Amino acid sequence: MSFYPFGSGSPQQQTVNQQNVAMAEQELEMITDTFYRIVDMCYKKCIPPKYIDGDLNKGESVCIDRCVAKYFEVNMKIGEALQKKGQQAG
């Protein structure tokens with residue numbers, strides 16, 4: 001199996017590789033989107049619009065930690081609920 005576009009390999013292998021690349025690109029886009037949503041949401045919630053210090057203070061750090069933890073917890077619960085609904089429907 002070659003990772004180079006002009007390497008040897010059957011057309012079927014190249015199709016599979018292209019499918020794997022497309023799936024990996026889609027997954028990367030979803031992860032990047034999730035990251036930016038978390039950053040945006042927690043920044044708006046935890047960091048005051050007018051700040052003096054360039055570093056996070058303890059309260060802001062704790063708020064961000066909790067915000068991210070809650071986001072992942074809710075995301076996991078929603079995924080589990082959707083999975084149960086899918087199993088019930090199927």
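Tutor: F35 is found in helix α1, residues 11-46; helices are DSSP runs of H or I with at least four residues, numbered from the N terminus. This is a predicted model, in which local features need pLDDT of at least 70 and side-chain atom pairs count only at pLDDT 80 or more, while totals for chains, interfaces and linings use all residues. Residues are numbered from 1 along each chain as its sequence is written, and side-chain values use heavy atoms, with hydrogens and water left out.

Student: How many disulfides does a search of the whole structure find?

Tutor: A disulfide is a pair of cysteine sulfur atoms within 2.5 Å. C42 is joined to C67 with S to S 2.0 Å, and C46 to C63 with S to S 2.1 Å. The search of the whole structure gives two.

Student: How many residues apart in sequence are the parts that C42 and C67 tie together?

Tutor: C42 lies in helix α1 and C67 in helix α2 (residues 58-89), so the pair ties together parts separated in sequence by 25 residues.

Student: Is the disulfide of C46 and C63 left-handed or right-handed?

Tutor: The torsion about the S-S bond of C46 and C63 is about -70°. The disulfide is therefore left-handed.

Student: Is C63 buried, partly exposed or exposed?

Tutor: Buried means under 20% relative accessible area, exposed over 50%, and partly exposed in between (1.4 Å probe, protein chains only). C63 has a relative accessible area of 23%, so C63 is partly exposed.

Student: What is the pairing of the bonded cysteines in sequence order?

Tutor: The bonded cysteines of the protein chain are numbered in sequence order. The pairing is then 1-4, 2-3.

Conventions:
Helices (H or I, at least four residues) and strands (E, at least two) are DSSP runs, numbered from the N terminus.
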